[in-house]
Amino acid sequence: MSTQLSSRTTAVEAVAVSPAPRPDVRRRGSRRRPRMSRVLVYAALLIAVLVTILPFVWMYLGSVKTQQELIRRPPTWWPETITWDNFVAWFTRLDFGTFFYNSVVVAGFTVIGTLLFCSLVGYALAKLEFAGKRALFALVLVTLMVPGVVTFIPLFVVISNLGMVSTHAALILPFLAGPLGVFLMRQFINEIPDALIEAARIDGANELRIFATIVLPLCKPALATLAILTFLGSWNNFLWPLVVAQSEDMYTLPVALSLYSVGQNATNYGVLLAGSVLVITPVLLLFIALQRYFIQGIAVTGIK
C-alpha cells in the first residue's frame with residue numbers, strides 16, 4: 001500500500017515539475033503574415049480607388065467653378081464661388097437639346113440592334129450545326145484583333161456611296177454587330193444546357209421560338225453586360241461622328257463638346273468640364289442600375 005502511494009506521489013511531483021508547453025511561435029507568425037498581406041492588399045485597393053475617383057471629383061467640382069479659378073495656380077479643390085453659368089451656356093448659347101437627342105438616338109438604336117443581331121449570331125454559332133461554322137467563328141476572333149482605324153476609310157467610302165453621310169443611319173449601321181458582342185453572346189449561350197433546346201425541338205418549337213422563349217430569358221446577364229459596353233462605346237464615340245456628321249444638327253455630345261469648348265484664343269475649361277459632366281453622368285447612372293447584371297455576366301461568361 002505504501003509502495004503504491006509513494007509511486008503515485010512521485011508521478012504527481014513529476015507532472016508538477018514538468019515545464020508547461022510553450023506556445024507555438026510559428027503558428028503566431030503564420031497568422032500575422034496573412035493579416036499583414038491582407039492589410040497591404042486593402043491599402044493597395046484603396047489607393048487604386050482614390051486614383052480612379054479623384055479625376056471625377058475634380059471634374060464635378062470644376063464644372064461649377066469660374067474660369068479664373070480654374071486657371072489659378074496653385075489650383076483649388078473646393079470652389080470658392082459656385083456658379084452655374086457653365087451649364088447655362090450649354091442650354092442657352094449651345095443647342096444642347098439637339099446634341100443630346102442625337103446621342104440618345106444613336107446610342108439607343110445601336111444598343112438595341114447590337115443585342116438583337118449579336119445574340120442571333122451567337123446562338124447560331126453556339127447551338128446550330130452548319131457548314132463553315134468553325135471558319136466563321138475563327139473569322140470573328142480574327143476581326144477582334146483588327147483595329148477600327150484600319151476599316152475607317154473603307155467604311156466611310158461605303159457610307160458615302162450609299163448617300164448616308166450626315167444621317168443617323170451612318171452613325172448606327174456600322175456598329176450593329178460587333179465581333180466582341182458576337183463572341184460574348186456565343187460564349188454565354190454555349191453554356192446553356194443542350195437538353196433544354198432539344199426538349200423544345202421535340203415539342204415542335206422552331207428555332208426562332210426557342211431563341212425568343214428559352215435562350216434570351218437565360219441571357220439577361222450577358223445582355224446587360226453587352227448593353228453597357230455598347231452604350232458606353234456609342235455614347236463616347238468621337239472620331240466617326242466627327243467625320244460622318246457634317247452638319248451641326250447631326251452632332252453628338254462628344255463632337256459638340258470638343259468643338260464648342262474651345263474659343264478663339266483659349267479653352268473655356270468651365271464649359272468643357274460642364275459638358276463632360278453632361279456626357280459622363282448618363283453612363284454612370286446606367287452602370288449603377290445594371291452593375292449587378294454586368295458583374296454576373298462577366299463572371300459567368302468567363303470569358304470562357
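Reply: In this predicted model, the largest pocket has a lining of 33 residues, and those nearest its centre are Gly148, Pro174, Phe175, Gly178 and Pro179. A pocket here is an open set of points on a 1 Å grid over the protein atoms alone, where a 1.4 Å probe fits and protein lies on both sides within 12 Å along at least five of seven lines; a lining residue has an atom within 4 Å of a point. The space in the largest pocket comes to about 920 Å³, the volume being that filled by probe spheres set on grid points joined across faces, edges and corners. Residues are numbered from 1 along each chain as its sequence is written. Local features need pLDDT of at least 70 and side-chain atom pairs pLDDT 80 or more, whereas totals for chains, interfaces and linings use all residues, and side-chain values use heavy atoms, without hydrogens or water.

By class, 20 of the lining residues are nonpolar and 13 polar, and none is charged. In this scheme Ala, Val, Leu, Ile, Met, Phe, Trp, Tyr, Cys and Pro are nonpolar, Asp, Glu, Lys and Arg are charged, and the others, Gly among them, are polar. At least two lining residues come from each of H5, helix H6 (133-144), helix H7 (152-161), helix H9 (179-190), helix H12 (220-235) and helix H13 (239-244). H12 supplies the largest share, six residues. Helices are DSSP runs of H or I with at least four residues, strands are runs of E with at least two, and both are numbered from the N terminus. The protein chain as a whole has 15 helices and zero strands.

The buried residues of H9 are Gly181, Val182, Phe183, Leu184, Met185, Arg186, Gln187, Phe188 and Ile189. Across the 304 residues of the protein chain, 33% count as buried.

Glycine 122 lies in helix H5 and is buried, because its relative accessibility is 0%. Neighbours within four places in sequence aside, glycine 122 is in contact (heavy atoms within 4.5 Å) with Val182, Met185, Arg186 and Ile189. Its C-alpha atom is separated by 7.8 Å from that of leucine 184, which is 62 residues away along the chain. In the protein chain, 72% of the contacts between residues at least 6 apart in sequence join residues at least 24 apart.

Lysine 127 is buried, at 10% relative accessible area, while aspartate 194 is partly exposed at 47%.

Within H10, glutamate 198 and arginine 201 are three residues apart, about one turn of the helix. An α-helix has 3.6 residues a turn, so residues three or four places apart point the same way. Glutamate 198 and arginine 201 form a salt bridge with closest N and O atoms 3.1 Å apart. Glutamate 198 is partly exposed at 39%, as is arginine 201 at 26%. Glu198 and Arg201 are linked with Glu207 in a network of salt bridges. The whole structure contains five salt bridges, one of which joins glutamate 80 and arginine 72 at 2.8 Å, N to O.

Two backbone features complete the account. Serine 166, in the loop between H7 and helix H8 (168-172), has a positive phi of about 60° although it is not a glycine. Proline 74, in the loop between helix H3 (67-70) and helix H4 (85-92), is joined to arginine 73 by a cis peptide bond with omega about 0°. Most residues other than glycine have a negative phi, and most peptide bonds are trans.

Note on methods
A salt bridge is a side-chain nitrogen of Lys or Arg within 4 Å of a carboxyl oxygen of Asp or Glu. Buried means under 20% relative accessible area, exposed over 50%, partly exposed in between (1.4 Å probe, protein chains only).
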